[in-house]
Amino acid sequence: MAALTITILGASPAAPNPGGACSSYLLRQGESSVLVDCGPGSAGRIPLHVPVNGLSAVTISHLHPDHYLDLVQLYYMLRFGEPRPAELPRRVSLFVPPEGRDFFRRFGQFIAAKPAMLEDMFEICEYAAGPTFDIGGLAVTFHPVQHYIPSHALRARGQDGATFVFSSDVAPCPELVEAAREADLFLCESALFDPAQDEPDPTRRGHMSAGEAGSAATDAGVRRLLITHCRSGAGYDERHLSAARGAFSGPVDLAREGDTYTV
C-alpha cells in the first residue's frame, strides 16, 4: 500500500518569507490528493506535484486570507485547465468551517458580483467537529482550537493506519493536544519567536512559539514534529529548531517548501 505523504507548498506566516508562499500542504496517498489550506502563492505550485484537475478535495482550516486566498487562483486553474477525469466528480469537494458557505458567497459577490462564483468549480461542504469525513479515502476529523477566530486542527488517518495532524493557526490549548494525540507526524504552526509577541491574556492568544509547539508535541505523545507557518532564513531557523528541541525529545524539522515527508 502506498505511504501517506505530506508535501509543503507554502510554509510562510502571513508576511511571506522571501520567495515563499503562505500555508498550503498536499496530503497524498496513492491516487488521492487532498489540499490542506490554499494560502497566497501556493496554487501555482500544485501542478509541480499533481495534476490540478485530479485533486480529490480541498480543506480550509479557518477563514483568514493567508489560508484561503489562492482558492481564487485555483478556481481559474480548474475552470480554464484540463477537464476533470470522467471518473471524478465534476467539481472538487471544498471543506470549509461552519458558516463558510455564506462567507465565500459574500466573497464571490465582492470580487465578481457573483455569490456562487466558487461553486462553479467547487462543491462546498461545511464540516463540523466530531464526525469523521471520508476525504479522498482518508478518515478526517476536524477539531476546534484556540485562535483569534474559529479555527480547526485537522487529523487524517491513512489507509495504511498512519496518522497526520495539522494544527491550523492556534494558541497553546488542551484541544490541540487532544487533536494531536499519538500522531505519527504533527505539522504545527510556530508564528512567534516568543509568547510575549501575542496577546498578554492567554485566553485571547492565537499563535504559538516553537517551544510551545514542542511542548504540545510532548504532551500529545506524537512521533515526529514538523514546524511550519514561521519566519525562515539565516538567524531564524536554528532559533526555531533549538526552542522546539528543548521541549520535545523526538525528531524535529522545519517544513521546507517543495519537500515531501512520509507520515
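Select asparagine 17: with a relative accessible area of 13%, this residue is buried, where buried means under 20% relative accessible area, exposed over 50%, and partly exposed in between (1.4 Å probe, protein chains only). The model is a predicted one, in which local features need pLDDT of at least 70 and side-chain atom pairs count only at pLDDT 80 or more, while totals for chains, interfaces and linings use all residues. Residues are numbered from 1 along each chain as its sequence is written, and side-chain values use heavy atoms, with hydrogens and water left out.

Asparagine 17 sits in the loop between β1 (5-10) and β2 (24-29); helices (H or I, at least four residues) and strands (E, at least two) are DSSP runs numbered from the N terminus. Show what surrounds the residue. Leaving aside residues up to four places away in sequence, asparagine 17 touches Ser12, Cys230, Arg231 and Ser232, a contact being heavy atoms within 4.5 Å. For a distance check, pick valine 92 as well: it is 75 residues from asparagine 17 along the chain, and the two C-alpha atoms are separated by 29 Å.

Next, select serine 42, in the loop between β3 and β4. Is serine 42 buried or exposed? Its relative accessibility is 0%, so serine 42 counts as buried. Beyond residues up to four places away in sequence, serine 42 touches Leu9, Ala21, Cys22, Ser24 and Asp70.

Now turn to the charged pairs. Side chains of opposite charge can pair when their charged atoms come close. A salt bridge here is a side-chain nitrogen of Lys or Arg within 4 Å of a carboxyl oxygen of Asp or Glu, and by this rule the count comes to 9.

Select arginine 45 and glutamate 257, whose side chains form a salt bridge at 2.6 Å, N to O. The pair links distant parts of the chain, 212 residues apart: arginine 45 is in the loop between β3 (32-38) and β4 (57-59), and glutamate 257 in the loop between β13 (252-254) and β14 (260-262). Glutamate 257 is partly exposed, at 30% relative accessibility.

Go on to aspartate 184 and arginine 223, a salt bridge with its closest N and O atoms 3.5 Å apart. Aspartate 184 lies in the loop between α3 (174-179) and β11 (185-189), and arginine 223 in the loop between α4 (210-220) and β12 (225-228), so the pair ties together parts 39 residues apart in sequence. Arginine 223 has a relative accessible area of 43% and is partly exposed.

Lysine 114 and aspartate 120 form another salt bridge, with 2.5 Å between the closest N and O atoms. Lysine 114 is partly exposed at 35% relative accessibility, and aspartate 120 is partly exposed at 25%. Finally, select Asp198, Arg205 and Glu212, which are linked in a network of salt bridges.

Zoom out to the whole chain. The protein chain has 5 helices and 14 strands. Its radius of gyration is 17 Å, close to the 18 Å that the globule rule gives for 263 residues, so the chain is as compact as a globular protein of that length; the radius is taken over C-alpha atoms, and the rule is 2.2 Å times the number of residues to the power 0.38. The C-alpha trace spans about 50 × 45 × 35 Å along its principal axes. Colour by burial: buried residues make up 52% of the 263 residues.
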